[in-house]
Amino acid sequence: MTGISKERIDHMEYNGIVKTIHPHPRILLTKSEIEDTKKRVTQKGDRQVLHFDKMADELYKRADSYATEEKFHVTYPSIEVTLTIDLPLTQLLPIPEPDGYVDFPYWTMYSRAIEERIKILSFAYGMTNNEKYAMKIKEYVIALSHFERWYEFPHRGAEGNLSNAHFILAMAIGYDAIYQYLSNDEKKIVQEAILLNGLHPLEIDFQNFNNHNIIASKQVAMLIGSLAIMDEVDVEAYYTNSYSYLSMYLHNRLTSPEIEGLLYTNVAARHVLMAADILHRSTGIDRLINHQYFETFLPDLFFYMLGTDEKASFANFSDSFYSLDLAYILGMLAYNNRNHVASWYVHEFTPSSPDIMMHMKAVIPPLPPDQYYKQTSKIFPSIGWASFRSGWGSSDHLLAFTASKSAKDHNHFDQNNFILHVAGEWLLTNPGYQDYVEGPKREFTLGTIGHNAMLVNGNGQIHRGRSELTVWHTSDHLDILVGDATKPYDSMISLWKRMVLHIDKTYFVVIDRVKKKSEEDELTFLYHTNSKIKSDSSFKKQGDECTGDQIDIVGEKAMVSLYTVYPPEMTKKVAIYPGAEKYGSYIEIKPKEDSMEQDVITILYPKMKDKKDMKLTYKVVKNGSEWQLEIDRCDQEIIDHIQINENEIKLHSEKYIVKYYFKNPL
């Protein structure tokens, strides 16, 4: 709890909020916002990219479907199960556990589907005042009020449970939207359900300031549930606790090392931003919505981890996916924070999302990342992530790197790991979300073997996290980072530092420095891909060796040439992990030197496939602890001279001279 904000709500302030809270509707939309949205829907223009009229038509179609459906389906792709939910709702009976799972959370997707329906119906009712939407919302909230509980597992209560949060949000939105439509008795039934089924079980999280995404989601629901009923029910304890938590959460996000990947960052941030927005809408309090986390840190993280070209694709470190639904977050940030690059994303990738119509309440002029950001590369030292990129254009590249202290359940054993995106393709890959069923897929997706990291005698990291960036620097011609991932290996090694140099936004030099416990210890460096692997003038398959010093990873329109620079003697072999074939192949690189200290130098040269003949040549000299590299960009007639020792890095060519001095000797 170090570094936590001390902001609290006292009793007098709470009473003042209750007395001045805005009337219903105040959760999803106010009356004035409804009128403003109606105006945007009726505005038309030939130059419009965001067609609010078409968004409204699509939303009303969904609302009509939800209003008339007699059942809906919830699909769980990971276990290949689909549930059929009959309406009106009744509490789900226990469902058999899928093979390999304990307490599989069926209710998370189930409650999320209900929340989605109530949200769409509530927005449609606010915009049209059509009674059919109100009737369906009422059916849902009264049915939910009669549930015995809103958490799935009686033996766990609301611990580790997201359905409580989703049901509270659904009830708060629905109750607020049809407040005038409900009778006084019905209002009391819903109020009591929000209090007893929703808020009471969350008392286990009073004074729980853990940043875990589930805790954050429950605290968000606690705040929004309180705001929905606080003028009629005493919810002071829930409001004050959740407000304090969210204030501390945002404060800590700027300095905390914890990150569970972009998927869960999006999940938690979406909920916290929702709470901040509803707090502002209901009370006028803007301290959360205007926080620095929303102003800079969060949007910067997403945009620097965004791939290149016309399809939105993100770094999938930890439990995450390449594809993320950011319509809500970036639509909100575009409007609330007047973030022009967030508006660019909305225009470019999510122009028809209903979230945009519901939450982006004004059209902010878009500005692409290349124009918005003054630097193309960025370091996030608190979480141990880095982005080295040439730009965001169709032929640009991104190398995303992690050496993090974060050791949550959704993190992997993957420190000093990086992935590479070139011209719209992931050429060096990670498996993404871990498989939770014991076996080879879980070993691969969670373990070091499935990541671009290092094995020691065939073994990977045994601790999550415990790593950090010890050096970082960005400039026009030279980006530098050093990641220290010694501790995840426990006693297997004495040191592993990985240095990455990004030279003139053109290529990368990777220098691995390892201190072994025994000369006989075998090191294996892994490079994963779903693309073709070519070496020695032929494409390679599982078990093939690569004898030359250049290995090409060839995608559909882009490629990266991997040069094994030092030591001169290495074995290089293509492998596939048995039982995890769907994740592609990988290159195993093993130095042959038997020495206690091992340096390995690799060059990565990303380029377009139609420029496959572009080559680098190199010379390398080791003089004591100093490395001297001469790298010739033959196609550009540029020779880069790089000197690296424990005190400094010097880079010079005919175009530029760059020097960087380490604060502490390497």
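Buried here means under 20% relative accessible area. Keep that cut-off in hand as you walk through this predicted model.

**Stop 1: two loop residues with positive phi.** Select Ala 423, in the loop between strand S6 (417–422) and strand S7 (425–428). Its phi is near 50°, a positive value in a residue other than glycine. Ala 423 has 0% relative accessibility, so it counts as buried. Now jump to Arg 466, in the loop between S8 and strand S9 (468–473). Phi of Arg 466 is near 60°, again positive in a residue that is not glycine. Arg 466 is partly exposed, with a relative accessible area of 45%.

**Stop 2: an open sheet.** Show strands S8, S13, S19 and S18, which form an open sheet in the order S8-S13-S19-S18 with antiparallel pairing. Which strands stand at the edges? They are S8 (454–456) and S18 (570–575); each has a single partner strand, so one side of each is left without a neighbour in the sheet. On average, neighbouring strands of this sheet are turned by 25° against each other, direction ignored. Zoom in on S18 and strand S19 (residues 585–591), which pair in the antiparallel sense over six bridges. To find one of the contacts, select Met 570 and its bridge partner in S19, Pro 591.

**Stop 3: two cis peptide bonds.** Select Pro 567, in the loop between strand S17 (558–566) and S18. The peptide bond from Tyr 566 to Pro 567 is cis, with omega near 0°. Then go to Pro 25, in the loop between helix H1 (11–20) and helix H2 (31–42). Here the bond from His 24 to Pro 25 is cis as well, with omega near -5°.

**Stop 4: helix H9.** Select residues 236–253: this helix has 18 residues and reaches 26 Å from its first C-alpha to its last, close to the 26 Å expected at 1.5 Å a residue. Of the 18 residues of H9, 16 are buried, so the helix is largely enclosed by the rest of the structure. Show the side chains of Tyr 249 and Arg 253: the arginine lies over the face of the tyrosine, 5.2 Å from the ring centre. For another such view, pick Lys 378, whose charged end sits over the ring of Phe 380 at 5.7 Å from its centre.

**Stop 5: an aromatic pair.** The whole structure holds 44 aromatic pairs. Select Phe 302 and Phe 314: their ring centres are 6.3 Å apart and their planes stand at 85°, so the pair is edge-to-face. Phe 302 belongs to helix H11 (residues 292–304), while Phe 314 lies in the loop between H11 and helix H12 (327–336), 12 residues apart. Phe 302 is buried at 1% relative accessibility, and Phe 314 is buried at 1% too.

Definitions and conventions: Residues are numbered from 1 along each chain as its sequence is written. This is a predicted model: local features need pLDDT of at least 70, side-chain atom pairs count only at pLDDT 80 or more; totals for chains, interfaces and linings use all residues. Side-chain values use heavy atoms; hydrogens and water are left out. Rings of Phe, Tyr and Trp (its six-membered ring) pair if their centres lie within 6.5 Å; planes under 30 degrees apart count as stacked, over 60 as edge-to-face and the rest as tilted. Helices (H or I, at least four residues) and strands (E, at least two) are DSSP runs, numbered from the N terminus. Buried means under 20% relative accessible area, exposed over 50%, partly exposed in between (1.4 Å probe, protein chains only). A charge sits over a ring if NZ of Lys or CZ of Arg is within 6 Å of the ring centre and within 35 degrees of the ring normal. Two strands pair if DSSP finds at least two bridges between them. Axes are lines fitted to C-alpha atoms, for helices over the stretch in contact, and angles run from 0 to 180 degrees between N-to-C directions. The expected span of a helix is 1.5 Å times one less than its number of residues.
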